[in-house]
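These are my notebook entries on two places in one chain. I looked up a sheet and its neighbourhood, then a single loop residue.

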Amino acid sequence: MLRLVSLAFFALAWEIGALLAGARRLPGPLAVLARLFDEAASGALFFHLGVTLARVAAAFTLAMAIGAVIGVVMGRNRVADKLGDPWLVLLLNLPALVIVVLAYIWVGLNEVAAIGAVALNKIPNAVVMMREGARALDAQLDEMAEVFRIPFWRRMRHVLAPQLAPYFAAAARSGLSLVWKIVLVVEMLGRSNGVGFQINVAFQLFDMQLLLAYALPFVGVMLGVETFVVQPFERNVSRWRTHAA
Amino acid sequence: MSPVGARTRLEVAVGAKAYVSASGVKLATLEKIAFTLETGAVAAIVGPSGCGKTTLLRLIAGLDADFEGHIARPEPGRLAVVFQEPRLLAWRTVEDNIRIVAPDVADAQLEASFETLGLGEHRTHFPGELSLGLARRVALARALAVNPTLLLLDEPFASLDGATVLRLIEEIKTLVAARPMITLFVTHDISTAISLADRVFVLSARPATLIDEIVIAKPRQPMSAEAASDFARRIGDAAARAPSGQGA
């Protein structure tokens, strides 16, 4: 309820701001909404939104999978940790824009470069978080699994994964917000479709209505994913904690 | 190494085991401990606390290979360990904890083991909801569910109240009697050792060495008070005779 009030207040502030700044600089919410419906009716909105979401999904999955494996290996193995750490520091401190531009120059202006560049931006982040998780693994349970000769995959699923899940959820959460921001940059610089591309078009034409008509639904979708996918997952993996006596 | 074929005995021959502390000091923990156990044996290791009983059990479990000597477990065979801490998966229910370790366990066997250990109503609970005594029993049920040829128990009764210990001893007696396996448990409590084991190995203070081996003629039978105190005195005497009894 309070959220709705807060949201209504935001719309009101926007409307007042639009009146003060003039429709050219900041179109009012209703004008943006009308434009949004236009774009939706023509199908363009769904096309660009879909393309961007597909890139987000691909880059996110790739980054989490690679980051989790590398992170766990580094957390469990001292030599791997020593070898990987300088790379990690380098990647962590390389600006996203540099990675994106280099990927386009070296790989070409294509989908592989775009998704790879986004994933590469997220991987070091996921590695750091999963490495923390792997370092915090319970050595006593490891020994238990060893004496009882629990097979590798069952050990992964029942002993390792539940201990890593909170770290994975945290990495996924911060990862998603990072990925969807960088995807727009990648689209702006080198793709001819997607929300980022449309925002670039709107910028060239100084079309504020178009810009907001694409930015808002995208933010809305990502908020939805966060609320309805990531958060329930987080709650689910820590469900057993609430049972503690 | 033994020749090809099955080995049904547990052979322990530890020459020396040293432990290097965090500050780099080398501490002798175990010295000259040798014994052999046949299938069906129930043996106890007693000794002052801190003498290295747990270390010995870890060597036998194969969790630590850094020692001089030789340990041969029954082969082929299944090992089960009840650690001092229950070491359950907090995110799985009691029943899942057992089935993950022993996927082939028969429902009837699991049922019977829950019955004996009084865990029936707790099978869908999470370990965090259990008292330490109950969690220990789950660990015991888990160990038995794999139908081990060698069962190791590390202070299975530590920090439990007297009544619970007596119950648990009775339960273990029932469970152990029915199975063809070697049971070896570590305890600092002489009376538990006497009431459960048929052989008691007495260790000295650190560095622990085997100073006496006591055979209990009629194990796990009701024992007269004199007989029990007689055994307790023998074990106590052995510990007192220890060559390196400078205390733990």
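Entry 1. I began with Val14(B), which stands opposite Gly69(B) in strand 4 of chain B. The model is a predicted one.

Entry 2. I then looked up the pairing of the strands concerned. Strand 1 of chain B, residues 10–20, pairs with strand 4 of chain B over five bridges, in the antiparallel sense. I noted that strands of a sheet pair through backbone hydrogen bonds.

Entry 3. Which order do the three strands of the open sheet take? I found the order 2-1-4 in chain B, with antiparallel pairing. Strand 2 (26–37) and strand 4 (68–72) of chain B are at the edges; each has a single partner strand, so one side of each lacks a neighbour in the sheet. From one strand to the next, the twist averages 20°.

Entry 4. I next checked what lies across these strands. Helix 1 of chain B, residues 53–61, lies across strand 1, strand 2 and strand 4 of chain B. The helix runs at about 120° to strand 1 of chain B.

Entry 5. I turned to Thr209(B), placed in the loop between strand 8 (199–203) and strand 9 (210–215) of chain B. Is Thr209(B) buried or exposed? Its relative accessible area is 15%, and buried means under 20%, so I recorded Thr209(B) as buried.

Entry 6. I listed the surroundings of Thr209(B), leaving aside neighbours within four places in sequence. Thr209(B) is in contact with Glu31(B), Lys32(B) and Ile33(B), and also with Val202(B), Leu203(B) and Ser204(B). The side chain of Thr209(B) reaches the backbone oxygen of Lys32(B) at 3.4 Å.

Methods: Residues numbered from 1 in each chain as written. Chains lettered and ligands numbered in written order. Predicted model: local features only at pLDDT ≥ 70, side-chain atom pairs only at ≥ 80, totals over all residues. Heavy atoms only, no water. Helix = DSSP H or I, 4+ residues; strand = E, 2+ residues; numbered from the N terminus. Buried < 20%, exposed > 50% of the residue type's maximum accessible area, 1.4 Å probe, protein only. Polar contact = N/O pair within 3.5 Å; in protein donor to acceptor, adjacent residues only side chain to side chain. Contact = heavy atoms within 4.5 Å. Pairing = 2+ DSSP bridges. Axes fitted to C-alpha atoms, helices over the stretch in contact; angles between N-to-C directions.
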